Amino acid sequence: ASDVDKGQRNFYGLVAVDISREMLKIGRGRVPAKNILWLCNDGTSLGPVADNSVGFIFSLAVFQHIPDAATVVNYLEEARRVLKPGGWFVFQVMNQPHLSVGPWRVSFFISRRLHMPRIRIYRPNVRDARPTRMGVVRRGCGHAGLRIFRIIDRFNQNTWVWARKRG
């Protein structure tokens with residue numbers, strides 16, 4: 001929610017999606033902005049978000065909680081569905097859970113792109129997390145019609161992927 005607070009000033013509107021109604025309630029309490037639409041999803045899709053309606057999607061610590069590759073690929077297809085042509089999807093996958101890293105370098109790229117102060121994000125609790133293999137990400141993005149432009153920290157625990165919807 002604090003990341004939403006920092007970013008919401010730079011956008012016309014934001015859509016925050018989570019499977020947990022409790023997390024959405026906490027977010028609403030911490031960030032009472034009028035330009036944020038808070039939506040609860042079913043854990044497998046972005047169903048409540050309209051087709052071709054979003055210019056930028058940011059996903060942090062989501063895919064590592066998805067138990068199977070098919071659902072990860074489905075989310076990639078859902079990202080393509082809701083993105084406007086040329087829209088960006090920036091997401092993190094836990095690629096190599098056995099590695100330990102300090103602050104993620106991607107915070108610089110994200111904060112610069114969103115015109116926000118530099119963010120410091122530290123390693124999450126990986127106890128219940130599952131790795132998402134890069135082969136799944138590459139094939140899923142290709143199948144979904146997302147072109148991967150950049151992969152950051154490919155050989156670290158947390159890998160960031162910058163993908164863009166064709167069109």
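In which strand does Cys-40 lie? Cys-40 belongs to strand S2, which covers residues 36-40. The structure described here is a predicted model.

## Cys-40 and the cysteines

Setting aside neighbours within four places in sequence, Cys-40 is in contact with Asp-18, Ile-19, Arg-21, Leu-24 and Pro-48. One of these residues, Arg-21, is 19 residues away from Cys-40 along the chain, and the C-alpha atoms of the two are separated by 6.2 Å.

Cys-141, at 1% relative accessibility, counts as buried. A disulfide is a covalent bond between the sulfur atoms of two cysteines. A search of the whole structure for such bonds finds zero.

## Nonpolar cores

The largest nonpolar core has 24 residues. Phe-63, Leu-76, Phe-89, Phe-91 and Leu-146 are the residues with the most contacts inside this core. Two or more residues of the core come from each of these elements: strand S3 (54-59), helix H3 (69-82), strand S4 (83-94), helix H5 (134-144) and S6. There is also a second, separate core of seven residues, including Ala-16, Leu-24, Val-31 and Trp-38.

Beyond its neighbours within four places in sequence, Leu-146 is in contact with Leu-76, Arg-80, Leu-83, Phe-89, Cys-141, Ala-163, Arg-164, Lys-165 and Arg-166. Among the residues with the most contacts inside the largest core are Leu-76 and Phe-89, and both are on this list of contacts of Leu-146.

## The S5-S6 hairpin

Strand S5 covers residues 146-152 and pairs with S6 in the antiparallel sense, over six bridges. Ile-148 has Ala-163 in S6 as its bridge partner. Five residues lie between the strands of this hairpin, and Asp-153 in the hairpin takes a positive phi near 60 degrees.

Strand S6 spans residues 158-165 and includes Thr-159. Is Thr-159 buried or exposed? Thr-159 counts as buried, because its relative accessibility is 0%. A polar atom of the Thr-159 side chain lies 3.1 Å from the backbone oxygen of Asp-153. Leaving out neighbours within four places in sequence, the contacts of Thr-159 are Phe-91, Gln-92, Val-93, Asn-95, Met-134, Ile-151, Ile-152, Asp-153 and Arg-154. Phe-91, one of these contacts, is also among the residues with the most contacts inside the largest core.

Most residues other than glycine have a negative phi. Which loop holds Asn-52? Asn-52 sits in the loop between S2 and S3. This residue is not a glycine, yet its phi is positive, at about 50 degrees. Asn-52 counts as partly exposed because its relative accessibility is 40%.

Ala-61 lies in the loop between S3 and H3. The phi of Ala-61 is near 55 degrees, again a positive value in a residue other than glycine. With a relative accessible area of 26%, Ala-61 is partly exposed.

Technical notes: Residues are numbered from 1 along each chain as its sequence is written. This is a predicted model: local features need pLDDT of at least 70, side-chain atom pairs count only at pLDDT 80 or more; totals for chains, interfaces and linings use all residues. Side-chain values use heavy atoms; hydrogens and water are left out. Helices (H or I, at least four residues) and strands (E, at least two) are DSSP runs, numbered from the N terminus. Buried means under 20% relative accessible area, exposed over 50%, partly exposed in between (1.4 Å probe, protein chains only). A polar contact is a pair of N or O atoms within 3.5 Å; within protein, one must be able to donate a hydrogen and the other to accept it, and residues adjacent in sequence count only if both atoms are side-chain atoms. Contact means heavy atoms within 4.5 Å. A nonpolar core is a set of buried Ala, Val, Leu, Ile, Met, Phe, Trp, Tyr and Cys residues joined through side-chain atoms within 4.5 Å. A disulfide is a pair of cysteine sulfur atoms within 2.5 Å. Two strands pair if DSSP finds at least two bridges between them.
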